[in-house]
Amino acid sequence: MEFRQLGRSGLRISAIAYGNWVTHGSQIDERAARACVHAALDEGITTFDTADAYAATKAEEVLGRALKGQRREGVEILTKVYFPTGPGANDRGLSRKHILESINGSLRRLGCDYVDVYQAHRFDPTTPLEETLRAFDDVVRQGKALYVGVSEWTADQIRAAVRTAAALGLDRIVSNQPQYSLIQRAIEEEIVPLCTEAGIGQIAWSPLAQGVLTGKYLPGAPPPQGSRATDPAGRPRITPLLQDDILNRVQKLGPLAREADLTMAQLAIAWVLQNPGVSCAIIGASSPDQIRQNARAAGVTLDADLMRTVDDLLGDAVHHAVPA
């Protein structure tokens with residue numbers, strides 16, 4: 001497994017992380033989830049991504065039990081705060097109250113004393129940015145998180161956070177977790193250059209575009225049973241990508257992958273990892289074999305001709321717009 005610095009922080013993370021959105025506590029049972037975590041560890045993956053809101057807080061619990069008995073210093077645990085975790089008016093957002101209560105809930109569910117990276121899952125326009133950043137700084141000062149980051153913030157929001165933290169002497173953001181893949185590249189124009197300058201590493205989620213880039217979704221055919229497209233939690237994200245024009249172009253990547261002695265999934269993950277500013281790519285999986293196969297994308301180098309051919313084949317299927 002390849003290891004990379006997270007931005008300009010001193011933290012090293014595995015180039016491929018295992019994330020449990022949709023799967024743990026929802027799509028697969030706990031025995032299968034535990035098998036996936038252990039398969040990831042066997043492949044040298046040490047970085048695990050979750051969030052308090054995944055599966056209504058159950059995903060953190062499942063991950064915590066799956067990692068029980070592992071040497072805490074040998075893994076990096078990333079979680080997030082923002083989305084609702086309860087029925088109360090303050091059980092959501094990035095207020096001081098919710099952040100300080102949520103980190104305690106996450107630590108309890110994960111069964112550990114600290115998380116390595118604590119991330120703002122979305123931007124909260126109803127809370128002053130200074131309040132959010134001071135609360136994050138307090139979480140770090142209390143030793144409950146070692147680093148802080150954001151997820152799916154715009155360039156303007158990230159820029160404001162960098163400036164505010166610097167002006168107030170608060171702990172700085174070291175990571176941004178955006179959606180990024182061969183067909184979803186909204187971050188390239190503005191966010192990546194800004195983050196590179198600020199020393200913020202990209203932790204790319206959905207490098208397989210919800211599974212579309214594996215090639216298993218065929219144009220004109222219903223989605224496979226048991227796939228993300230048939231799961232209530234995953235369906236909203238993947239449905240906009242299940243267009244015949246996109247699926248036809250994706251199928252053309254198959255021969256290129258085979259020529260490079262890669263699966264389509266490995267090609268897609270290797271492409272993400274080869275792009276500047278990316279510290280890590282998060283893979284999700286419902287079986288250990290998927291993890292074993294996809295982990296082999298770490299350390300793969302795609303030559304310039306192959307990168308250009310991939311772009312030519314995808315053409316208009318590439319989305320540069322910022323996702324909702």
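**Exercise 1. In this predicted model, find the strand that holds Glu76, then work out which side chain makes a polar contact with Glu76.**

Step 1. Glu76 belongs to strand E5, residues 76–81.

Step 2. Check burial and charge. Glu76 is buried and has no salt bridge. Its nearest side chain of opposite charge is Arg72, 6.9 Å away. A salt bridge needs the two atoms within 4 Å.

Step 3. Look for a polar partner. The side chains of Glu76 and Thr47 are joined by a polar contact of 2.6 Å.

Step 4. List the neighbours. Leave out residues up to four places away in sequence; Glu76 then touches Leu11, Arg12, Ile13, Ser14, Thr46, Thr47, Phe48 and Asp116.

**Exercise 2. Determine which residues of helix H5 are buried and which are exposed.**

Step 1. Size up the helix. H5 covers residues 155–168, 14 residues in total. From first C-alpha to last it reaches 20 Å, close to the 20 Å expected at 1.5 Å a residue.

Step 2. Pick out the buried residues. They are Ala155, Gln157, Ile158, Ala161 and Ala165. Why do they share a side of H5? Because they cover an arc of only 165° around the axis.

Step 3. Turn to the other side. There, Asp156, Arg163, Ala166 and Ala167 are exposed.

Step 4. Find the cover. The buried residues of H5 are covered by elements including helix H4 (129–141), strand E7 (145–151), strand E8 (173–177) and helix H6 (191–198).

Notes
Residues are numbered from 1 along each chain as its sequence is written. This is a predicted model: local features need pLDDT of at least 70, side-chain atom pairs count only at pLDDT 80 or more; totals for chains, interfaces and linings use all residues. Side-chain values use heavy atoms; hydrogens and water are left out. Helices (H or I, at least four residues) and strands (E, at least two) are DSSP runs, numbered from the N terminus. The expected span of a helix is 1.5 Å times one less than its number of residues. Buried means under 20% relative accessible area, exposed over 50%, partly exposed in between (1.4 Å probe, protein chains only). The arc is that of the directions from the helix axis to the C-beta atoms. Contact means heavy atoms within 4.5 Å. Lys and Arg count as positive and Asp and Glu as negative; His and the chain ends are not counted. A polar contact is a pair of N or O atoms within 3.5 Å; within protein, one must be able to donate a hydrogen and the other to accept it, and residues adjacent in sequence count only if both atoms are side-chain atoms.
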